[in-house]
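Hi,

Here is the structure I promised to pass on. Have a look at it first, and then read my notes below.

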Amino acid sequence: MGKLGLFIEEIAEKTTKNNQYEVLTSSQNGIISQEEYFNKQVASVDNTGYKIIRRGQFTYRSMSDTGRFYINRLINKEVGIVSPAYPVFKLVSNKLDPEYLELFFQSEAFQRQISDKSSGSTRLALRFAKLKNVEIDVPSIEIQRRIVGAIKKVKATISTEDNELVFCDELIKSRFVEQEALL
């Protein structure tokens, strides 16, 4: 066990001109284009001073209406920008696998810990300083990678099963439509 602060470091790189990079948002489904997420750009007209996030770095909305925080790693773009209110950070230790850390951030164990560390009444806030105090189990890098591989296999199996269920559901519906047409 160790505190996250031993493995991560906040990044303070900011834009120096408007629309320097695409505006992104961190959501339950990962980091995506703000226009795609909201069907419009909701960022300030002038986004000079927004935080720059680069491939492999992490970010999250520091405020939550639901009490859950979704910390995501940028993997589908080289670079983008996020609101100045979003903490941006990177791994600074090779003792923690980035995919293992991502899985930790998705865990209920993580959500329980941060519920004790967040503050506010209507909207909860999770400051980066509090995030650094979260405890994480850090087995050897080899074990972390085996855990990641095992979870990826389980998720792939679940996805395949879900797709098969959708296909069967559509097949059953189409059979009933065919039967109704014959009547």
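Q57 sits in the loop that links strand 5 to strand 6 (58-59); helices (H or I, at least four residues) and strands (E, at least two) are DSSP runs, numbered from the N terminus. Q57 counts as buried because its relative accessible area is 10%, and buried means under 20%, exposed over 50%, and partly exposed in between (1.4 Å probe, protein chains only). Setting aside neighbours within four places in sequence, Q57 is in contact (heavy atoms within 4.5 Å) with I11, I52, N72, R73, L74, V88, F89 and K90.

Before going on, some ground rules. This is a predicted model, where local features need pLDDT of at least 70 and side-chain atom pairs count only at pLDDT 80 or more, while totals for chains, interfaces and linings use all residues. Residues are numbered from 1 along each chain as its sequence is written, and side-chain values use heavy atoms, with hydrogens and water left out.

Overall, the chain has 5 helices and 12 strands, and 36% of its 183 residues are buried. Of the contacts with a separation of 6 or more, 74% are between residues 24 or more positions apart.

Back to strand 5 (residues 51-54): it pairs with strand 9 in the antiparallel sense over 4 bridges, where pairing takes at least two DSSP bridges between two strands. V79 of strand 9 is the bridge partner of R54. From strand 9 (residues 79-82), V79 and I81 point one way, G80 and V82 point the other way, and all are buried.

Now the inside. A nonpolar core is a set of buried Ala, Val, Leu, Ile, Met, Phe, Trp, Tyr and Cys residues joined through side-chain atoms within 4.5 Å. The largest one has 22 residues, and L4, F89, L101, F105 and L131 touch the most other members. Helix 2 (98-106), helix 3 (108-117) and helix 4 (128-131) each supply at least two of its residues, with helix 2 giving the largest share, 5 residues. Apart from this core there is another, of 8 residues, including L24, I31, I53 and Y86. Not counting residues up to four places away in sequence, L131 touches L4, I8, Y60, I71, F89, F105, F110 and L126.

Finally, helix 5 (residues 141-182) is where I143 lies. I143 is classed as partly exposed because its relative accessible area is 33%.

Cheers
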